[in-house]
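Please keep the structure open while reading.

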Amino acid sequence: MKRIVWTDAARADVRALDKPTAVRILSALHRFAESGAGDVKALQGAREELRLRIGDYRLFFVHTPASAIEIRRVLHRKEAYR
């Protein structure tokens, strides 16, 4: 399993969500960290980020060289790409 590192902004994003949504996002993230399963796409443009789609929410992250996943943001899809 890959190590998960949270930025302060991503941590605040998850804390602002209601509990069932936060639990669904965290379980999808752990499933991805263990097996690589999930709807992941590389973002176009100059960004190095990848996104994991979890229902109406998008989890933006990067792979760090030390086999870790750095979570940068967790946003609703209507706010994610602005």
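## Salt bridges and a helix with a buried face

Arg53 counts as partly exposed because its relative accessibility is 37%, where buried means under 20% relative accessible area, exposed over 50%, and partly exposed in between, computed with a 1.4 Å probe on protein chains only. This is a predicted model, in which local features need pLDDT of at least 70 and side-chain atom pairs count only at pLDDT 80 or more, while totals for chains, interfaces and linings use all residues. Residues are numbered from 1 along each chain as its sequence is written, and side-chain values use heavy atoms, with hydrogens and water left out.

The side chain of Arg53 meets that of Asp39 in a salt bridge, a term that stands for a side-chain nitrogen of Lys or Arg within 4 Å of a carboxyl oxygen of Asp or Glu. This pair links distant parts of the chain, since Arg53 is in strand β3 and Asp39 in strand β2, 14 residues apart; helices (H or I, at least four residues) and strands (E, at least two) are DSSP runs, numbered from the N terminus. Asp39 is partly exposed, with a relative accessible area of 31%.

| Asp39 | Arg53 | 3.3 Å |

Glu49 is buried at 11% relative accessible area, whereas Arg72, at 25%, counts as partly exposed. Both residues also belong to a network of salt bridges that links Glu48, Glu49, Glu70 and Arg72.

Asp56 is partly exposed at 38% relative accessibility, and Arg77 is partly exposed with a relative accessible area of 47%.

Helix α2 (residues 19-35) has 17 residues and should span 24 Å at 1.5 Å a residue, which agrees with the 24 Å between its end C-alpha atoms; the expected span is 1.5 Å times one less than the number of residues. Its buried residues are Thr21, Ala22, Ile25, Ala28, Leu29, Phe32 and Ala33. Seen down the axis of α2, these buried residues fall within an arc of 135 degrees, so they line one face of the helix, the arc being that of the directions from the helix axis to the C-beta atoms. The face turned away from the buried side of α2 carries the exposed residues Lys19, Pro20, Glu34 and Ser35. After α2 comes Gly36, whose phi is positive, near 80 degrees.

The largest nonpolar core has 19 residues, of which Ile25, Leu59, Phe61, Ile71 and Val74 touch the most other members; such a core is a set of buried Ala, Val, Leu, Ile, Met, Phe, Trp, Tyr and Cys residues joined through side-chain atoms within 4.5 Å. The helix α2 gives the most to this core, with six residues.
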